[in-house]
Amino acid sequence: MKIQHYITGALIIGLGMQGISCSSQRNLGTVKLGLDKEFVHSNLADAHKQIAYLAASINESDMPTTYKDGKYVNWGSSWWCSGFYPGTVLYLYEYTKDEKLLTEAKRKLKQLEKEKNNKGTHDLGFMLYCSFGNALRLTGDSAAYKEILSTGAASLATRFHEAPKTIRSWDGGKNWDGQPWTYPVIIDNMMNLEFLTEVSKMTGDKRYRDIAVQHANTTMINHYRKDYSSYHVVDYNPKDGSIISRKTAQGAFDESAWARGQSWGLYGYTMMYRETGDKKYLEQARHIAQFYLNHPNLPKDLIPYWDMDQNKLTPDSKYYSQKDLRDVSTASVTASALLELAQYTTGSESQLYISKAEQMLRSLSSKPYKADYKEAGGYVLKHSVGSIPHKTEVDVPLTYADYYYVEALVRYDRLLRGEKVIKQ
């Protein structure tokens, strides 16, 4: 018999380190939890076994990205995914208290530290906050990690420019029409703002928070359509901030809703509400969730296609043969985001977000998405899509799918224990 759990009135979203104003606190009341401890703990235990196998299988210098055709693919510390593996290891350390995991995480952090000086990427939040941020939270070792995080935030801040009021994403490349990007900003960049807001609190430097707020505000205005779906790329004129074009780089076509982009926005605006208490971010997150959860092409198991408008591809499209591939990484990000968003809403809306996140976790934790022990090289989840247009990481396990899946399970475990979803 499945045991139903209930959150009592004692569970509220805290103040303090989370930086949320009194007006933004929420009480989940009697929202029903449909997953039990056995489900959560068994899946975290399986993830622990898988990641331990992965750790034993890779080389000292490897920074895991994916596994394809029986081979490990590692893009190095400067790749945008480099922080996810140590971050996953740290989440599992938090759950298991296995000191071997902490040792493994620190081993990879040493390789990653040099990226604090990398001013050529907008992804330092992924790279440094998912890794060193978790390390600081779990160990409290500010002497080891505060300087790395603050230096990294300073590097990221160099990519912000006043005219477009955004952090620039790429420094080169061309769009699918063959035109060079001028000042491209991608929706993914919402995920790097938490890094800036946290370092702002850590150092007392208000500039980092201001950059995050300006970027989020500009993105809300320029990236979103009337139905609250997001463009992937907005290309700006850096001199006056005007928009040159709205495009995609990883979606099916420019006007489509690239699935992971929708989850990046949902997670990002939920986080920005937590960090600022500004209700416009909460409203934005709620609208994005409504678009996503009500989309007619969302499969019953809630593991989305790589593009939510893939059904509009015609047989002459170069992506047509791959139109029905699922993207597990999107579901992992979305599940984690919905668990947090449920904390800032009430009643049936909060219940909806919890229930949908639970359904996603059930799907992710079963076949064909969850890998068996030692399968997929030790990655936890299968069937993610990196970029079909780039023909990279298509229908493979991906390190960030594992990271957000484990994060969602850890967040849910906190709910079961009557704790805050977010620990900082």
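**Reading pocket residues and paired strands**

Guide: Arg-260 has its place in helix α8, which spans residues 259–276; helices (H or I, at least four residues) and strands (E, at least two) are DSSP runs numbered from the N terminus. The model is a predicted one, in which local features need pLDDT of at least 70 and side-chain atom pairs count only at pLDDT 80 or more, whereas totals for chains, interfaces and linings use all residues. Residues are numbered from 1 along each chain as its sequence is written, and side-chain values rest on heavy atoms, with hydrogens and water left out.

Visitor: Is Arg-260 buried or exposed?

Guide: Buried means under 20% relative accessible area, exposed over 50%, and partly exposed in between (1.4 Å probe, protein chains only). Arg-260 has 2% relative accessibility and therefore counts as buried.

Visitor: Which residues is Arg-260 in contact with, leaving aside its neighbours within four places in sequence?

Guide: Contact means heavy atoms within 4.5 Å. With those neighbours left aside, Arg-260 touches Gln-250, Trp-306, Asp-327, Ser-329, Thr-330, Val-385, Gly-386 and Tyr-400.

Visitor: Which residues does UniProt list for "binding site"?

Guide: UniProt positions follow the numbering used here, with feature names shortened, and annotations may be inferred rather than shown by experiment. The unreviewed entry lists Asp-123, Asp-188, Thr-248, Arg-260, Trp-264 and Ser-387 under "binding site". From this set, Asp-123, Asp-188, Thr-248, Arg-260, Trp-264 and Ser-387 belong to the lining of the largest pocket.

Visitor: What volume does the largest pocket have, and which lining residues are the closest to its centre?

Guide: On a 1 Å grid over the protein atoms alone, a pocket is an open set of points where a 1.4 Å probe fits, with protein on both sides within 12 Å along at least five of seven lines; lining residues have an atom within 4 Å of a point. The volume, the space filled by probe spheres set on the points, is about 710 Å³ for the largest pocket. Of the 32 residues that line it, Trp-79, Trp-80, Trp-170, Gln-250 and His-390 are the closest to its centre. Helix α8 and the strands β10 (384–387) and β11 (392–396) each supply at least two lining residues.

Visitor: Which residues are listed for "active site"?

Guide: In the unreviewed UniProt entry these are Asp-123 and Asp-188. They are spread over 66 residues of sequence, yet cluster in space, with a largest C-alpha distance of 8.6 Å. Asp-123 lies in the loop between α3 (99–112) and α4 (124–139) and is buried at a relative accessible area of 7%. Its contacts, neighbours within four places in sequence aside, are Trp-80 and Asn-192. Asp-188 sits in the loop between β7 and α6 (193–203) and is buried at 8%. On the same terms, Asp-188 is in contact with Phe-126, His-232, Gln-250, Trp-258 and Trp-264.

Visitor: What is the strand order in the open sheet that includes β7?

Guide: Strands of a sheet pair through backbone hydrogen bonds, either parallel or antiparallel; two strands count as paired if DSSP finds at least two bridges between them. Here the three strands run in the order β7-β8-β9, with antiparallel pairing. The edge strands β7 (184–186) and β9 (243–247) have a single partner each, so one side of each is left without a neighbour in the sheet. Strand β8 (residues 233–236) and β9 pair over four bridges, and Asp-235 has Ser-245 in β9 as its bridge partner.

Visitor: How many residues stand between β3 and β4 in their hairpin?

Guide: Two residues separate them, and Asp-69 in the turn has a positive phi of about 55°. Strands β3 (residues 64–68) and β4 (residues 71–74) pair in the antiparallel sense over four bridges, with Asn-74 in β4 as the bridge partner of Pro-64.
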